[in-house]
Amino acid sequence: MQLKYSNYVAFSHFHGKAVNNSGSFYMSLYDWNFANIKQFIGIQNYVTMFSDSEWWQSLGRTFKLTLLYVPALFILSILFAVLINYVKNEKAAGFVKTAFLLPYSITSVIASCLWMFLYMDRSGFINVFLKAFGLKGEKFLGSTSQAMVCIAVVLIWINLGYNIILFLSAIKDIPYSYYEAAKLDGANSWQTFWKITFPLLKPTSVFVLITSVIASFQCLDLIMVMTGGGPAKSTEVASLYIYKQSFEMMKAGYGAGLSVVMFLILTVLAVIMLKINGKEE
């Protein structure tokens with residue numbers, strides 16, 4: 001029942017997107033610049049997409065962001081949830097949970113501005129800290145190799161607390177009798193986690209993985225504020241490319257077609273994860 005409910009919640013994220021993308025699909029069949037009369041062109045926008053190298057490059061950067069963000073967020077969320085669960089002092093545990101959850105309560109724009117100050121080349125706090133220990137300062141957002149990692153770090157910082165709460169709630173739902181039985185069998189902490197805690201967290205894990213992948217594909221405002229897709233388009237992900245095509249190049253139909261394709265990719269990834277989890281169950 002818990003697995004079915006988690007799967008339902010995960011797919012409910014797609015419901016609103018599916019409704020919106022039905023309209024997007026209709027728009028993708030037209031050539032429209034928001035001003036002139038729409039001209040029906042059939043699947044021409046999708047044909048154009050296949051030869052658009054910049055689109056495929058932006059999609060590749062999106063997968064790169066996903067690979068940087070999702071595994072790190074997943075591992076850290078479980079790790080901190082398990083550690084907080086061991087804290088016996090309720091006030092201390094509450095303080096830690098609140099501290100982790102605070103970044104989730106602020107807007108992406110505020111978070112972006114805060115981290116931009118930390119990442120500044122010369123006067124940023126991180127570089128000041130590094131130089132205080134005799135280390136060389138980094139370019140961070142000004143580096144084509146570091147900018148995407150910096151974006152992933154901010155995404156993790158924002159969403160870590162929320163996912164910790166999800167895992168912590170799931171851990172507390174596990175009957176304590178399971179741990180007592182494991183202790184009587186002589187299982188150590190790692191064996192208890194790997195054989196009891198982690199398997200019973202699977203429904204929550206699937207939900208977190210699916211929503212995290214969706215978040216990485218939808219990351220737009222953070223990148224627009226922090227890098228604008230730079231430097232040298234190294235952080236121009238698919239969502240930003242769609243935005244630029246739609247509202248800067250005034251190709252509403254083409255942008256709609258790209259959004260439909262990205263929605264289909266997300267749907268396929270979600271179905272694959274759910275199928276894998278279903279087989280394991």
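Where is the place of M250? I looked it up in this predicted model and found M250 in the loop between α12 and α13 (252-280). I noted that phi of M250 is near 60 degrees, a positive value in a residue other than glycine.

Next I went to the loop between α11 and α12, where A232 has its place. Phi of A232 is positive too, near 55 degrees, and A232 is not a glycine. I put A232 down as exposed because its relative accessible area is 72% and the cut-off is over 50%. P231 lies in the loop between α11 (221-226) and α12 (238-248). I recorded the peptide bond from G230 to P231 as cis, with omega near -10 degrees.

I turned to helix α4, residues 90-105. Its 16 residues reach 22 Å from the first C-alpha to the last, close to the expected 22 Å. I found a bend of about 25 degrees in α4 at A99, with a proline, P103, following within four residues. At the start of α4, I saw a side-chain oxygen of N89 within 3.0 Å of the backbone nitrogen of K91.

My last entry is on the largest pocket, which holds about 720 Å³ of space. I listed 24 lining residues, and the closest to the pocket's centre are N85, Y86, Y179, T192 and T197. I sorted the lining by class into 15 nonpolar, five polar and four charged residues. Helices α3 (53-85), α7 (147-172), α8 (176-184) and α9 (189-200) each supply at least two residues of this lining.

Technical notes:
Residues numbered from 1 in each chain as written. Predicted model: local features only at pLDDT ≥ 70, side-chain atom pairs only at ≥ 80, totals over all residues. Heavy atoms only, no water. 1 Å grid on protein atoms, 1.4 Å probe; cavity = no way out; pocket = protein on both sides within 12 Å on 5 of 7 lines; lining within 4 Å. Points joined across faces, edges and corners; volume = space filled by probe spheres on them. Nonpolar A, V, L, I, M, F, W, Y, C, P; charged D, E, K, R; others polar. Expected span 1.5 Å × (residues − 1). Bend = angle between axes of the 7 residues up to and from the residue. Polar contact = N/O pair within 3.5 Å; in protein donor to acceptor, adjacent residues only side chain to side chain. Buried < 20%, exposed > 50% of the residue type's maximum accessible area, 1.4 Å probe, protein only.
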